Amino acid sequence: MSRRIAHLDIDAFYASVELQRRPELRGLPVIVSGDGPRAVVTTASYEARRFGVGSAMPTAQARRLCPDAVLVPPDFEAYRAVSRTVMGLVRATVDTVEVVGLDEAYLDLTGLFSPKAEMRRLVQRIRETTGLSASVGIGPSKLVAKVASDAEKPRGFLVLEREEAVRRFADASPGLVPGIGPKTVERLAALGIETLAQLAATPDEILADRFGTNQGPWLRRRGAFLDDAPVSEERIAVSESRERTFDVDVREPHEMEEHLRRMAAELCDGLTRQDRRARTIAIKVRLDDWTTVTRARTIPEYTAEPDRVAGVAVELLRAYAPARPVRLLGVRMASFAHEAAANAGRGDQLALEV
């Protein structure tokens with residue numbers, strides 16, 4: 001039985017939720033973002049996107065591109081509530097679902113009598129229940145399904161076989177494919193590889209020489225839309241973090257430490273509610289000249305105690321001793337207890353301090 005996988009993505013999710021709550025904004029360019037001098041765009045309505053506004057763009061730049069945009073602060077509690085409703089409808093449709101964000105999921109449709117009809121019914125149920133539209137891609141793999149769902153947004157519905165995807169996107173940049181970021185696109189371009197067709201036709205040994213024996217052949221397979229990754233019902237983040245970009249650079253060490261303590265408390269509160277504990281504690285520091293460093297320590301015991309995490313984070317900050325004002329600070333935790341259980345029997349690794 002051939003695999004049939006769908007990728008479902010709610011169109012402009014955060015902005016669409018806000019438009020449901022504020023119908024008077026429909027048809028206007030809406031940007032969901034904070035309003036500080038260093039705020040970035042969380043998402044934008046399609047009316048704003050026509051001006052070139054995009055996610056992760058500095059909000060100041062977005063407002064220059066679209067001066068008439070309506071700025072709406074994000075409300076993640078509201079987004080999570082709507083997401084729970086959407087994913088409840090998704091899980092009621094198929095047995096195997098991999099949720100990859102508040103607004104998107106992979107569905108294993110293999111064995112369904114009429115997968116296209118089932119997905120159209122699901123999209124209709126989501127719209128009737130939440131008022132939100134969704135785009136769907138269907139294919140033999142997660143990779144094909146994801147690219148297909150992105151191809152005709154909003155309200156897209158595209159079914160592609162692998163060979164059809166290869167032909168349709170032959171002239172597209174390798175950056176079209178999930179997992180190939182801007183830096184890799186630049187490195188590929190330096191080799192004269194600027195399209196997916198060129199990437200798929202490049203011998204493994206050439207790519208391996210430039211990107212390594214694992215990543216090189218993997219890149220060629222991505223270019224050829226070859227993917228056999230399963231739809232996994234359980235997707236647990238391998239790390240959790242909290243970070244903050246300051247409106248005004250922080251200069252005093254005691255202020256930096258206080259920010260770290262507050263972020264550690266927020267992070268540990270979330271982990272405690274999820275009943276998760278970790279051993280690796282890390283900090284992220286970005287200076288006013290954009291120099292960015294990370295420091296991490298793996299401790300002997302699993303923890304989600306705020307004082308323990310904050311203590312290690314502060315020690316790492318003091319050891320680094322930023323020589324310039326700081327524009328961003330973050331705390332991250334990794335090496336969770338569930339990973340240790342999953343890796344039991346594979347041999348212990350040394351705990352390292354970086």
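Predicted model: local features only at pLDDT ≥ 70, side-chain atom pairs only at ≥ 80, totals over all residues.

Overall architecture. The protein chain has 14 helices and 12 strands. Its radius of gyration is 22 Å, close to the 20 Å that the globule rule gives for 354 residues, so the chain is as compact as a globular protein of that length. Along the principal axes, the C-alpha atoms fill a box of roughly 60 × 55 × 45 Å. Of the 354 residues, 42% count as buried. Now contacts. Take pairs at least 6 apart in sequence: 63% of those contacts join residues at least 24 apart.

Surface and charge. The accessible surface comes to about 18,600 Å². Carbon and sulfur atoms own 48% of that. There are 51 positive and 51 negative charges, and their mean positions are 2 Å apart.

Next, helix α1, residues 13-21. Is this helix enclosed or open? Seven of its nine residues are buried, so α1 is largely enclosed by the rest of the structure. The buried ones are F13, Y14, A15, S16, V17, E18 and L19. What covers them? The cover includes strands β1, β2, β3 and β4, plus helix α4 at 76-91.

Helix α6 is mostly covered too, with eight of its 10 residues buried. Those run K142, L143, V144, A145, K146, V147, A148 and S149. Keep K146 in mind.

On to the salt bridges. The structure holds 22 of them.

Start at D9. This residue sits in strand β1. D9 counts as buried because its relative accessibility is 8%, under the 20% cut-off. Beyond its neighbours within four places in sequence, D9 touches D103, E104, A134, S135, K146, D150 and K153. With K153, the side chains form a salt bridge, 3.7 Å from N to O. That pair spans 144 residues, from strand β1 to the loop between α6 and β8.

K153 has another partner. D11 meets K153 in a salt bridge at 2.9 Å, N to O. Here the separation is 142 residues, with D11 in the loop between β1 and α1. How accessible are the two ends? D11 is buried, at 1% relative accessible area. K153 is partly exposed, at 26%.

Back to K146. Its side chain bridges to E104 at 3.5 Å, N to O. That links helix α6 to strand β6 across 42 residues. Both K146 and E104 are buried.

Then the network. Salt bridges with shared partners join E18, R21, R22 and D75.

Last topic: backbone geometry. Most residues other than glycine have a negative phi, and most peptide bonds are trans. Here are some exceptions.

K153 and P154 are joined by a cis peptide bond, with omega about -5°. P154 lies in the loop between α6 and β8. R155 is found in that loop as well. R155 counts as exposed, at 58% relative accessibility.

A56 also has a positive phi, about 75°, and is not a glycine. Look for A56 in the loop between α2 and α3. Its relative accessibility is 58%, over the 50% cut-off, so A56 counts as exposed.

That's the tour. Over to you for discussion.

Notes. Residues numbered from 1 in each chain as written. Heavy atoms only, no water. Buried < 20%, exposed > 50% of the residue type's maximum accessible area, 1.4 Å probe, protein only. Helix = DSSP H or I, 4+ residues; strand = E, 2+ residues; numbered from the N terminus. Contact = heavy atoms within 4.5 Å. Rg over C-alpha atoms; globule rule 2.2 N^0.38 Å. Areas by Shrake-Rupley, 256 points an atom, 1.4 Å probe, with all protein chains shown as cover. Lys, Arg positive; Asp, Glu negative; His and termini not counted. Charge placed at Lys NZ, Arg CZ, Asp CG, Glu CD. Salt bridge = Lys/Arg side-chain N within 4 Å of Asp/Glu carboxyl O.
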